[in-house]
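Me: I want to go through some charged pairs. Please set each value against its cut-off.

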Number of protein chains: 2
Amino acid sequence: MGVVVNLEDGKREAASIKHLIDLTAADMARVNELILSKAGSDVEMIPQVANHLISSGGKRLRPMVTLAAAQMFGYSGDGHVKLAMAVEFMHTATLLHDDVVDESGMRRGKKTARMIWGNQASVLVGDYLLGQAFRVMVDVGSLDALDILSSAASVIAEGEVMQLAAAKNLETTEDEHFAVIKAKTAALFSAAAEVGPVIAGATRTDRAALRSYGMNLGLAFQLIDDALDYGGSSKDLGKNVGDDFREGKVTLPVILAYRRGTASERVFWKKAIEQNSADDTGLEQAIGLMKRHAAIADTIGRARHFGEIARDALAPLEATPQKSALIDVIDFCISRVS
Amino acid sequence: MGVVVNLEDGKREAASIKHLIDLTAADMARVNELILSKAGSDVEMIPQVANHLISSGGKRLRPMVTLAAAQMFGYSGDGHVKLAMAVEFMHTATLLHDDVVDESGMRRGKKTARMIWGNQASVLVGDYLLGQAFRVMVDVGSLDALDILSSAASVIAEGEVMQLAAAKNLETTEDEHFAVIKAKTAALFSAAAEVGPVIAGATRTDRAALRSYGMNLGLAFQLIDDALDYGGSSKDLGKNVGDDFREGKVTLPVILAYRRGTASERVFWKKAIEQNSADDTGLEQAIGLMKRHAAIADTIGRARHFGEIARDALAPLEATPQKSALIDVIDFCISRVS
């Protein structure tokens, strides 16, 4: 399709995560080493399945956020490296299970693990990575960090079930949808950011700032992802435009187009989403309806709203390279649609 | 089928878990309350799926072991109740995922959750329960207990993958098979027993005793379970005789019958197990071959061997009602086949 979604109010200055990457490069090298070591097992299938996804070129945004958030409060031990690794494993475990639940064929431009090794291996290796994540967290020894990350694990699963229960329900309200993405996506960003100040022994206020930053960044991130699924190229995404549509996923662009649509448009959406009749002709029509009702543009607008809250969450903190790099991340996420 | 497997060397005195049930009744009431509360969620599907399995009449052997193991070292707080609940949730999460992996239709005489709510809900609610288990463990605040249980979570998943990788491989050696059941079943019994002395602040020696007791009890338990699948009634089991056979599972009775079999018998086993041709006529033949080679009796013999080690693990400990109740559990597990 190759539809390009332009920001309506003009492009921001090109945002990038280069600063974040530079600031965390040395620590990330240790995270990556730990990832490889903890994805290992004498049971050959485990590193095979785990490394397929681990080495598939994810940006590792979440662990970088953890590292930067610890650095900005002067942390100098190795606990942040371990927590960053645990965060990435929780994320990887979630992706493995998600692909099973969604019956997805592609992820980050590669076949999903379930297509190669089957659903069974994906479920079990996900469980293994989650177990390993907890072991490493326990090794760090911070009960506060354990509390934050284990709560996130529950909340993420709760969000996924919520999504499953609301699947194909076009009457889902915007608020209900925000509750889902807050749980399934934003909770891990929030935990990833908060454990930084926690491990560094920062104040409650600083913890709350990073928690809020992560939560709102996560919401923005997910909304942009959902907008991208109806525009942007397959190459950028690592998934195909229209994947969400073909799977009948009720994301915000769909919710807005449906709510704002005419009676006959709603018949189209019902047929496409609820009756699994979504095909490529349907996709073109869907994108057309979204444009008519500014559903993609407004999804991006909502993302920008959360991005602004994330930025303000960090505002009172002392100016540091890490603070500035974390703010760049917000702009980077939003600029993916530009 | 209704084949009854008799112990060859005469029945022991009828063993029972009555003492264990009595000793832990008050604490188990608190565990059950906590289970119901922590399986709750505003997302309706979660308590539905969780309670289907939780209320399906499992014996709750693992949490009772945790409670008794804490009591025997004079523990008086409420940490053991929380850890017992976490152990049961880890077990429940494993069952939910197992049924997806094994494509099982029945468990404890009821339809499996996946048959009612689908594989997707079973995977995700399992993840939720695991997350809740960790939250409750973190709440207890013992890093040692967290270390033991999070390690068990990894090892269990590793064992399940090992089993998946070895699936339908009749050349599996007895030792390889022991490694699988040690990881997938015994590790949780071991952790359940060890966290008792840990939370009670008992000595390293006492911890090691309970860890060894749990590990060997778990091995005995699994082997008897595998023997029962080729004898005993559907009513006792909550599953149908021959389930393992029909699913082509390579359990110890199969391994022994195959290794001891003639060339033509091995052709039968290959066809039945590797080519998914196991049916009821095949089951009768399989049980016949197992009897010819004493495969079921010797599986029970192996179980008894581990049972003896479990008993000796507790031998040096002071005589207490809890110690005696935990020894009864060994006999109870083994007497299920009598």
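Me: What makes A:Asp144 and A:Arg207 a salt bridge?

Reply: This is a predicted model, where local features need pLDDT of at least 70, side-chain atom pairs count only at pLDDT 80 or more, and totals for chains, interfaces and linings use all residues. Residues are numbered from 1 along each chain as written, chains are lettered from A and ligands numbered from 1 in written order, and side-chain values use heavy atoms, without hydrogens and water. A salt bridge needs a side-chain nitrogen of Lys or Arg within 4 Å of a carboxyl oxygen of Asp or Glu. In A:Asp144 and A:Arg207, N to O is 3.4 Å, and the pair qualifies. A:Asp144 lies in helix 6 (residues 143-165) and A:Arg207 in helix 8 (residues 204-228), so the pair ties together parts 63 residues apart in sequence. Such helices are DSSP runs (H or I, at least four residues), numbered from the N terminus.

Me: Why is A:Arg207 called buried?

Reply: Buried means under 20% relative accessible area, exposed over 50%, partly exposed in between (1.4 Å probe, protein chains only). A:Arg207 has 17%, so it is buried. A:Asp144, at 42%, is partly exposed.

Me: How do you know that A:Asp280 and A:Arg246 form a salt bridge?

Reply: Their closest N and O atoms are 2.7 Å apart. The pair links helix 13 (residues 280-292), with A:Asp280, to helix 10 (residues 243-246), with A:Arg246.

Me: Is A:Asp331 buried or exposed?

Reply: Its relative accessible area is 14%, so A:Asp331 is buried. A:Asp331 meets A:Arg311 in a salt bridge at 2.8 Å, N to O. A:Arg311 counts as partly exposed at 23%.

How values were computed. Helix = DSSP H or I, 4+ residues; strand = E, 2+ residues; numbered from the N terminus.
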